[in-house]
Amino acid sequence: MMADLSAVLDDIRACRACAGELPHTPRPVVMVAGETRLLICGQAPGRRVHESGLPFTDPSGDRLRDWMGVDFATFYADPRIGVAAQAFCYPGTAPKGGDYPPPPRCAALWRSRLLASLPRVELTLLVGGYAQAWALKDRMKSNMTETVRAWRDYGPAILPLPHPSWRNTAWLKRNPWFEAEVVPHLRARVREMLA
């Protein structure tokens, strides 16, 4: 299985399927290992992640690590934590701000093959509406808020989360139940998985 994962990762990192469609050279960002038990699935890398080559090296990552109760070093050094977004390359910035949605091609090309190479995953964090829509399909509620509110319906293998972007700060203030109920559950699961 490890050789299989290594081959998949080599193929993903060499992928240039969106070359010419992106406003920059493709730079796939993925961080998983054969030991990965907790898989974080967001939408796509942002500009800072594109530049660093490491997932969640931005303020969103700071908030996500806080929700998880892990520090920077643990997040990047512990192979039990993995990150594989819906799209592996930064899709660019939309004219009205924010990033473009993840191109569906990436998930179609790589998602099934990558997930099949990660047999130890026990919990997948679906970060944001795009990840939830792809993974949950008709099990997703009417929107991201309702999907996250129904988090108990998806356990123990899946936990839907809002995106930890600063753009969702107002959402967090309007939905205090998230930090009161979901974050403590997430921290407990992460502690258990890394114990």
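This report describes the sheet of a predicted model and the helices around it.

## The sheet

Four strands form an open sheet in the order β2-β1-β3-β4, and their pairing is parallel. The edge positions are taken by β2 and β4 (158-161); each has a single partner strand, so one side of each has no neighbour in the sheet. From one strand to the next, the twist averages 20 degrees.

## Strand β1

Strand β1 covers residues 38-41. On one side Leu38 and Ile40 are buried, and on the other Leu39 and Cys41 are buried, which leaves both faces of the strand covered.

β1 runs parallel to β2 (residues 81-83), to which three bridges join it. Ile40 has Val83 as its bridge partner in β2. With β3 (residues 123-127), β1 pairs in the parallel sense over four bridges. Here Cys41 has Leu126 as its bridge partner.

## Helices on the sheet

Helix α6 (residues 129-136) lies across β1, β3 and β4, and runs at about 130 degrees to β3. Helix α9 (residues 177-194) also packs on the sheet, where it touches β1, β2, β3 and β4. The direction of α9 makes about 140 degrees with that of β4.

## Helix α5

Helix α5 (residues 104-116) has 13 residues. From its first C-alpha to its last it reaches 19 Å, close to the 18 Å expected at 1.5 Å a residue. The helix bends by about 40 degrees at Trp110.

Trp110 is also one of the buried residues of α5; the others are Cys106, Ala107, Arg111 and Leu114. An α-helix has 3.6 residues a turn, so residues three or four places apart point the same way.

How values were computed
Residues numbered from 1 in each chain as written. Predicted model: local features only at pLDDT ≥ 70, side-chain atom pairs only at ≥ 80, totals over all residues. Heavy atoms only, no water. Buried < 20%, exposed > 50% of the residue type's maximum accessible area, 1.4 Å probe, protein only. Helix = DSSP H or I, 4+ residues; strand = E, 2+ residues; numbered from the N terminus. Pairing = 2+ DSSP bridges. Expected span 1.5 Å × (residues − 1). Bend = angle between axes of the 7 residues up to and from the residue. Axes fitted to C-alpha atoms, helices over the stretch in contact; angles between N-to-C directions. Contact = heavy atoms within 4.5 Å.
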